Amino acid sequence: KGFWESREGVDLKSLLAVIANPLDDDSLLGSLAGPACGLSTDALLMLRHQAGKDSALWPRLEMLATGNSDEPFTETDAARAGRYVTTIRGLRERLSTMSLGELVEAAVSGTGYDLVNLTRDPSGAGLANIRRVASLASDFESSERRDLRGFLEWVEISARLDSEAAVATEDEDGDAVQLMTVHKSKGLEFDLVCVADLGRQRKAQSE
């Protein structure tokens, strides 16, 4: 699978999407269930029940975080919701003052995701993936603009390309000739590779 299908890729996509738009229920549920928050399954079900089918979860989560919910949530879930909501609000308030790389690092440390990640993967490979997301965010800002939504759109495109590359690995041992982009062929191995126009002599540019 591609990088964005790794545990860290999935977790950080959801977390950053919530910062961009807390009313994105799919991303919010993924983030709440993941290490960035860690709400129990019972708490998630009660939040969904409170909100109903057509209402956003975020307002109900805010009620839980402030102790204004009528549902019998546990103290642990209420405390976790409180920390999560406070962190997301703070990050959204600082969006205009932080670079995208700084935002990723602040989101990871603010939610405690980095510590949880190190606990579940003492090898440090997970933290390396986190640093990669921060680096990709910085690169996007340098080449494009400081735009969290734009970065998330780029992530979705990159994730689809990564998925295509992963599927292509199934045919590495096939006899057919494959035409693919450099991006799609990354990570693959073939006995023979031909790169078009690699030997063409470029004309000297006039000064």
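I began with tryptophan 4, which counts as buried because its relative accessibility is 3%. Buried means under 20% relative accessible area, exposed over 50%, and partly exposed in between, with a 1.4 Å probe and protein chains only.

I noted that this is a predicted model, where local features need pLDDT of at least 70, side-chain atom pairs count only at pLDDT 80 or more, and totals for chains, interfaces and linings use all residues. Residues are numbered from 1 along each chain as its sequence is written, and side-chain values use heavy atoms, with hydrogens and water left out.

Next I looked up aromatic pairs and found three in the structure. Rings of Phe, Tyr and Trp (its six-membered ring) pair if their centres lie within 6.5 Å; planes under 30 degrees apart are stacked, over 60 edge-to-face, and the rest tilted.

Phenylalanine 3 and tryptophan 4 make an edge-to-face pair, with 5.0 Å centre to centre and 75 degrees between the planes. Phenylalanine 3 counts as buried because its relative accessibility is 11%.

Phenylalanine 151 and tryptophan 154 make a stacked pair, at 5.9 Å centre to centre and 15 degrees between the planes. I found both in helix α9 (residues 148–168), three residues apart, about one turn of the helix. Helices (H or I, at least four residues) are DSSP runs, numbered from the N terminus. Phenylalanine 151 is buried at 1% relative accessibility, whereas tryptophan 154 is partly exposed at 33%.

Last, I checked arginine 132: its charged end sits over the ring of phenylalanine 3, 4.2 Å from the ring centre. That term requires NZ of Lys or CZ of Arg within 6 Å of the ring centre and within 35 degrees of the ring normal.

Methods:
Helices (H or I, at least four residues) and strands (E, at least two) are DSSP runs, numbered from the N terminus.
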